[in-house]
Amino acid sequence: MSLDEEYRHVRHAAAISRMDHVTVVRIQGDDATEAVDAICSGDLWVRDGRMRQTLVLDDAGAPVADVYVCPDDDSCFLMFEGVETSEIADAMGRHAEPDLDAELVDLAGAYDLISVNGPYAWEVMSKWLTPDIIGLPYLSFYHFGQSTCFRAGKTGEYGYDLLIPVDFVAEAWQELSALVATIGGGEASLRTLDLCALENGFFSVRHGSVSGLTPLELQLQWRVSARKRFPGVEAVEARRRKGIGRRLTYFTSREPVSPEDEIRDGDTLV
């Protein structure tokens, strides 16, 4: 399927995607949120059932992980891309207080993540799950059976990320694909999701153009706390004192994008 076709699915109907680039883990224990807070750059003032976007930075202050933090009673979901689970576990081991009651549970192999995005994604989800899905606020989640629906998405359209036990993924994919097809949609690749996210002002931690840049150049200051210490904070403070010499931005064109056009690693819009 061409980029143009996939793009139309996301922008004009609904698209289903495999989210293999996103890792989901669960941090369990009474101090789960505190342990996560120790490695994230943002303030985690978020209620159970809601989601907060934040970052994990390296020692140079550059983002290495794009993270959703999702508190859930006495535990916390982490949805992230850019690093391996072992790197998140290592960061928690180095930066969280050793006496905190928190345990990382890797959900890989037990669950898969698929998503539905598009202006009519809500219609697909209301038929597949429940009409009540229409009222689920952005950056919130709820459980159904053994699965979880995260109302997220970075494309600028309605977006739902579904964490489903592997035993039920094939059936869910088939049912959702059929519903998506009834409104003229189809499957969309990561390449298309990244393009739509860029149009909506979201950065990709996997893209080569952001390498070496801090949240200041990336205009992600809203994901950086001014009150707490976190990995990479010294580098961010030093860059702020020095002043920002450039910042990453983007532009739009009235010319349509051809299916052959693509964003390649190393392309930079400054």
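In this predicted model, let me begin with helix α1, residues 3-12, whose buried residues are L3, E6, H9, V10 and R11. The cover over these buried residues includes the strands β1 (15-18), β7 (111-118) and β11 (186-187), together with helix α6 (190-199).

I turn now to the sheet. Five strands make up an open sheet, and their order is β3-β4-β5-β2-β6, with antiparallel pairing. At the edges stand β3 (52-57) and β6 (103-106); each has a single partner strand, so one side of each is left without a neighbour in the sheet. From one strand to the next, the twist averages 30 degrees.

Consider next how β6 is held in this arrangement. Strands β2 and β6 pair in the antiparallel sense over four bridges. Within β6, L104 is the bridge partner of I27. Helix α3 lies across β2, β3, β5 and β6, and runs at about 180 degrees to β6.

In soluble globular proteins, nonpolar side chains tend to be buried together. Here, the largest nonpolar core has 21 residues, and the members that touch the most others are I27, V36, V69, L78 and I88. At least two residues of this core come from each of β2 (23-28), α2 (32-37), β4 (63-72), β5 (75-81) and α3 (85-95).

Which residues does V69 touch, leaving aside those up to four places away in sequence? The contacts of V69 are V36, C40, L44, R50, M51, R52, T54, C76, F77 and L78.

Technical notes
Residues are numbered from 1 along each chain as its sequence is written. This is a predicted model: local features need pLDDT of at least 70, side-chain atom pairs count only at pLDDT 80 or more; totals for chains, interfaces and linings use all residues. Side-chain values use heavy atoms; hydrogens and water are left out. A nonpolar core is a set of buried Ala, Val, Leu, Ile, Met, Phe, Trp, Tyr and Cys residues joined through side-chain atoms within 4.5 Å. Buried means under 20% relative accessible area, exposed over 50%, partly exposed in between (1.4 Å probe, protein chains only). Contact means heavy atoms within 4.5 Å. Two strands pair if DSSP finds at least two bridges between them. Axes are lines fitted to C-alpha atoms, for helices over the stretch in contact, and angles run from 0 to 180 degrees between N-to-C directions.
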